[in-house]
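Look at the fold before reading on.

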Amino acid sequence: MSRIAYFGPRGTFTEQAARELAPGDDLMPVETIWAALAAVRKGEADAACVPVENSVEGPVAATLDGLAEEAPLVAVAEALLPVHFTVLARRDADQVRTVASHPHALAQVRHWLERNLPGAEHVVASSTAAAAVAVQRGEYDAAVTAPVAVEHYPLRVLAAGVADVPDARTRFLLLRPPGPLPEPSGADRTSIVAAAANRTGALAELLTELAMRGINLTRLDARPIKGNFGLYRFFIDFEGHVAEPRIGDALAALRRRCNNVRFLGSHRRADEVAPTIGTGAGNEDFVKAVDWVAAVRRGEQA
Ligand SMILES: O=C(O)C(=O)C[C@]1(C(=O)O)C=C[C@@H](O)C=C1
């Protein structure tokens, strides 16, 4: 049985994702995303489960920064959870004056709160479950939580299935130290982080390497490189698996273009969307082209 550190405390959306990604494993809640990644780096856990992006609020900065810095970790699986919130209140609160949650959660229920709890003060907590813990301690009146939180915290359910954007989703990663990669499934995602040079066209050149090979991007985020004002790292997710010739060829080109590129994993997509591959951009096209060059070099073909 593996030990999985996840962004807790108990009752977060990340716990729901960890249950899905590592059923039957030993789940270990930790207080921050950094702590989950550190637990794996220190060998206290075999893997970490953390959120990486939300369809309403965008990237989870702590995860992106945590993957670019310190010892490398590689994503081996992902989960995509619909994000519908449960609002929990103190059993003895006759009126809700304060409502706490993770900033991503508050942003996703802003309209619901305005309509249903007008005048309540919004308070930021480190996670949705940390907000439930604070409500239980009597620090706030209500918390916007994941549905799983009701299993852990005996609070009053004010509302369930709350979401301003009905199809909001968050994507979570299961991260391990570098090791054997998952097999390609035919519907995979590869992630890298690269620091492009600070000159005209540097980012366009990186993206062109992917575009020329017919590789579709699924995400592009920039994060500042701390201590270097105006310099950025680019997090690039694209369709395909590093084991495929077309993706290997693209990664080699990115490695040539920038010294500072880190591989963040190739794994099956949770939505199982297969890549669209244009004419001349399939794996067999890449293999045949390499074979042809080899034959030319041997003097067997012209
Ligand atoms: O606080 C939690 O429950 C989390 O798992 C974090 C998190 C996030 O980082 O976006 C996950 C899903 C929701 O979008 C709200 C919060």
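The buried residues of helix α6 pack against α1 (13-21), β6 (85-89), β7 (98-101), α4 (103-108) and β9 (142-145). Helices here are DSSP runs of H or I with at least four residues, strands are E runs of at least two, and both are numbered from the N terminus. Helix α6 itself spans residues 128-136 and is mostly covered, with 8 of its 9 residues buried. Buried means under 20% relative accessible area, exposed means over 50%, and partly exposed lies in between, with a 1.4 Å probe and protein chains only. The buried residues are T128, A129, A130, A131, A132, V133, A134 and V135. Just after α6, G138 takes a positive phi of about 90°.

A word on the source. This is a predicted model, in which local features need pLDDT of at least 70 and side-chain atom pairs count only at pLDDT 80 or more, while totals for chains, interfaces and linings use all residues. Residues are numbered from 1 along each chain as its sequence is written, and side-chain values use heavy atoms, leaving out hydrogens and water.

Now go to one of the strands that α6 packs against, β9. V144 sits in strand β9. Its relative accessible area is 1%, so V144 counts as buried. Which residues does V144 contact, leaving aside its neighbours within four places in sequence? They are F85, T86, V99, A100, S101, A105, V109, L113 and T128. Contact means heavy atoms within 4.5 Å. Take S101 from that list. V144 and S101 are 43 residues apart in sequence, yet their C-alpha atoms are 5.4 Å apart in space.

Next comes a helix pair. Two packed helices are described by the angle between their axes and the distance between the axes. Helix α7 (residues 202-212) and helix α8 (residues 245-257) pack at about 165°, with axes 9 Å apart. That angle makes α7 roughly antiparallel to α8. Axes are lines fitted to C-alpha atoms, for helices over the stretch in contact, and angles run from 0 to 180 degrees between N-to-C directions. Angles under 35 degrees count as roughly parallel, over 145 as roughly antiparallel, 65 to 115 as roughly perpendicular, and the rest as oblique. Which residues make the contact between α7 and α8? From α7 come E205, L206, E209 and L210, and from α8 come A250, A253, L254 and R257.

Turn to the charged side chains. Side chains of opposite charge can pair when their charged atoms come close. A search of the whole structure finds 27 salt bridges. Each is a side-chain nitrogen of Lys or Arg within 4 Å of a carboxyl oxygen of Asp or Glu.

One of them joins K226 to D65, with the closest N and O atoms 3.5 Å apart. This pair links distant parts of the chain, 161 residues apart. K226 lies in the loop between β13 (217-224) and β14 (232-239), and D65 lies in helix α3 (residues 61-68). Is D65 buried or exposed? D65 is buried, at 5% relative accessible area.

Other bridges join E44 to K42 at 3.8 Å, N to O, and D92 to R90 at 2.9 Å, N to O. E44 is partly exposed at 42%, and K42 is exposed at 60%. In the other pair, D92 is exposed at 57%, whereas R90 is buried at 19%. Salt bridges that share partners also join E53, E78, R171, R189, R219, D221 and D237 into one network.

How many disulfides does the structure hold? The count is 0, a disulfide being a pair of cysteine sulfur atoms within 2.5 Å. C49 is buried at 0% relative accessibility, and C258 is buried at 5%.

Finish with the backbone. The peptide bond from G8 to P9 is cis, with omega near 5°. P9 is found in the loop between β1 (3-7) and α1. E70 has a positive phi near 65° and is a residue other than glycine. E70 lies in the loop between α3 and β5 (74-82), and is exposed at 55% relative accessible area. E272, also not a glycine, has a positive phi near 55°. Its place is in the loop between β15 (261-268) and α9 (283-297).
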